[in-house]
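The sequence and the model are shown first, and the description follows.

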Amino acid sequence: MFEKNLKYFRLKKKMSKKDLAEMCGITPMAISNYESGKRVPDMETINKLAAALGVYVADFLDSRNDQLVFSHCEFRKKSKLTKTEQEFVRESVEEYFSRFFDAIECLGGNPLPEPVKCHDLDLSSDYQKNASELRRYLKLSSSGPVDELTAVLENLGILIFEIEMDNDSFAGMNGTVNGYPYIVINKNIRPERKRTTIIHELSHIMFNWSGISDEDQEKMSTAIAGAFLISNDDLFRELGPRKSKLTKDLILVCEEYGISMYLLVLRANQVGIMNDGLTREFYIKANKANWREKEPSRVKEPEKPMLFKQLVYRAINEEGISIQKGAEFLGIPTSEMNEYCGLMEVL
C-alpha cells in the first residue's frame with residue numbers, strides 16, 4: 001500500500017506533486033507513477049520522500065485494508081475546497097476506516113449493528129415533517145433536546161469521523177464503507193455547527209432525493225437539520241407564541257438544545273414567534289459582536305465520536321491486540337493508551 005500512503009501523507013502535508021518532486025530531485029511524473037502504483041521508487045528515493053514529508057519510511061509500509069468498498073458522495077458544486085483538499089478528505093476517510101475495520105477484525109467478529117438502509121425515507125415538501133420522520137426512524141422522541149448525537153448515530157451503525165481541516169468552509173460530507181453509512185465532519189468547526197452538520201449530512205444519507213436538484217437538496221437538508229435539533233413544538237413551548245424582545249432566556253434555550261443563537265432566531269422567525277424586525281435587530285447586534293466567527297459556544301458537551309476508541313480498548317482488554325498496536329490504530333502515543341487500559345480502581 002506504498003502508493004496510497006504516499007498520496008495520503010503528501011496531501012496531509014498540503015504539498016503538490018511538483019513541490020514534493022522538487023524537494024526530492026525527481027519529476028512530478030515520477031510522483032504520479034508512484035502514487036498510481038505504476039512504478040516503485042528505489043530505497044534512496046523512498047528515504048528522500050520520507051524526509052520531505054516528515055514521516056518514517058515504515059509509515060509508507062503500513063498496510064491498508066483492501067476488503068473495503070467505498071462510495072464517497074460528490075462534493076457540492078459550489079464547494080470552496082480545492083481539488084487537492086477534496087482529495088485529502090477522501091484519502092483521509094479511507095485511511096481512517098482502514099484502521100477502523102482492522103480493529104474490528106481483531107475482535108474476531110463484527111460488533112457493529114446492522115447498517116441502516118440509506119435513502120429509505122420518503123421526502124415531503126414540509127421540512128418539519130421530514131425532521132420528525134427522521135427522529136422517528138432513529139427511535140428518538142418527537143421533540144425535546146437530543147444529547148450526545150454522535151453516540152446515538154454510532155449505536156445505529158452510522159459511523160462518524162472527525163478530520164483535521166484548517167479550511168472552515170468545509171463542514172462535512174458523507175458516503176458509505178462496506179454498506180455502512182459514514183459522516184465526516186471538520187474537527188475544527190464550532191460545536192454547534194458540528195451538530196447541524198451531522199444532521200445535514202444524515203439527511204442526505206437517509207432520504208430519497210431522486211428528482212431533487214442539488215441546490216434544493218442543500219436547502220432542504222439545512223432546514224431539516226434546524227427543525228430536527230429544535231422542533232416547532234419545542235420553540236412554542238420554550239419561547240411562547242410571540243417574542244417582542246431579545247432577552248437572556250434565549251441563551252438558556254440555546255444551551256439546552258445545543259444550538260447557536262443564529263439557528264434559534266432563524267427557527268423562531270420561521271414559525272412566526274419573532275417578526276422580521278426583531279430578527280434584523282438580532283443580526284445587526286450579532287454581526288457587530290462578530291458572532292459569525294466568535295459566537296460564545298452554547299454546547300455543554302461537544303460531540304465526540306467514541307466508537308473507534310471503545311473498539312480498540314475492548315480489543316486490548318480481550319488481549320486481541322497489544323497496547324502498542326492499539327496506539328497505532330488510534331494514532332496516539334503508547335503512554336496515552338496506557339492510561340485507559342489498566343484496571344479501574346474503586347476508591
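## Salt bridges

The structure is a predicted model, and the count of salt bridges in it comes to 20. Side chains of opposite charge can pair when their charged atoms come close.

One of these pairs is formed by R10 and E35, whose closest N and O atoms are 2.6 Å apart. R10 belongs to helix α1 (residues 2-12) and E35 to helix α3 (residues 28-36), so the pair links distant parts of the chain, 25 residues apart. Both R10 and E35 are buried.

## Further charged pairs

A salt bridge also joins D166 to K14, with 2.5 Å between the closest N and O atoms. Here, too, distant parts of the chain are linked: D166 is in the loop between β2 (159-163) and β3 (172-177), K14 is in the loop between α1 and α2 (17-24), and the two residues are 152 apart. D166 and K14 are both exposed.

E162 and K194 meet through their side chains in a salt bridge, at 2.7 Å from N to O. Because E162 lies in strand β2 and K194 in helix α9 (residues 191-206), this pair ties together parts that are 32 residues apart in sequence. Are E162 and K194 buried or exposed? E162 is buried, since its relative accessible area is 18% and the limit for a buried residue is under 20%. K194 likewise counts as buried, with a relative accessibility of 9%. Elsewhere, salt bridges that share partners join K4, K7, E87, E91 and E94 into one network.

## The chain as a whole

The protein chain contains 18 helices and 4 strands. Its C-alpha trace spans about 70 × 50 × 40 Å along the principal axes. Of its 347 residues, 47% count as buried.

## A patch of negative charge

On the surface, D147, E148, E256 and E301 gather in a patch of negative charge. D147, one of these residues, is placed in the loop between α7 (127-137) and α8 (149-154). Its relative accessible area is 57%, and D147 is therefore classed as exposed, the cut-off being over 50%.

## Helix α3 and its surroundings

Helix α3, which holds E35, has several buried residues: A30, I31, N33, Y34 and E35. The buried residues of α3 pack against α1, α2 and α4 (43-53). After the helix comes G37, whose phi is positive, near 85 degrees.

N33 is located in α3 and has a relative accessible area of 14%, so N33 is buried. When neighbours within four places in sequence are left aside, N33 is in contact with K38 and R39.

## A buried loop residue

I158 is found in the loop between α8 and β2. With a relative accessibility of 0%, I158 counts as buried. Which residues does I158 touch, not counting residues up to four places away in sequence? The contacts of I158 are V116, L153, P181, I183 and L202. I158 and Y182 are 24 residues apart in sequence, while their C-alpha atoms are 5.7 Å apart in space.

## Positive phi angles outside glycine

K139 has a phi near 60 degrees, a positive value in a residue other than glycine. K139 is located in the loop between α7 and α8, and this residue counts as exposed because its relative accessibility is 72%.

N290 also has a positive phi near 60 degrees and is likewise a residue other than glycine. N290 lies in the loop between α14 (276-288) and α15 (291-294). At 32% relative accessibility, N290 counts as partly exposed.

Terms used:
Residues are numbered from 1 along each chain as its sequence is written. This is a predicted model: local features need pLDDT of at least 70, side-chain atom pairs count only at pLDDT 80 or more; totals for chains, interfaces and linings use all residues. Side-chain values use heavy atoms; hydrogens and water are left out. Patches are made of residues with over 30% relative accessible area and no salt bridge: like charges are joined within 9 Å, nonpolar side chains (Val, Leu, Ile, Met, Phe, Trp, Tyr) within 5 Å. Accessible areas come from the Shrake-Rupley method with a 1.4 Å probe; for residues, only the protein chains shown count as cover. A salt bridge is a side-chain nitrogen of Lys or Arg within 4 Å of a carboxyl oxygen of Asp or Glu. Lys and Arg count as positive and Asp and Glu as negative; His and the chain ends are not counted. The place of a charge is taken as NZ of Lys, CZ of Arg, CG of Asp or CD of Glu. Buried means under 20% relative accessible area, exposed over 50%, partly exposed in between (1.4 Å probe, protein chains only). Contact means heavy atoms within 4.5 Å.
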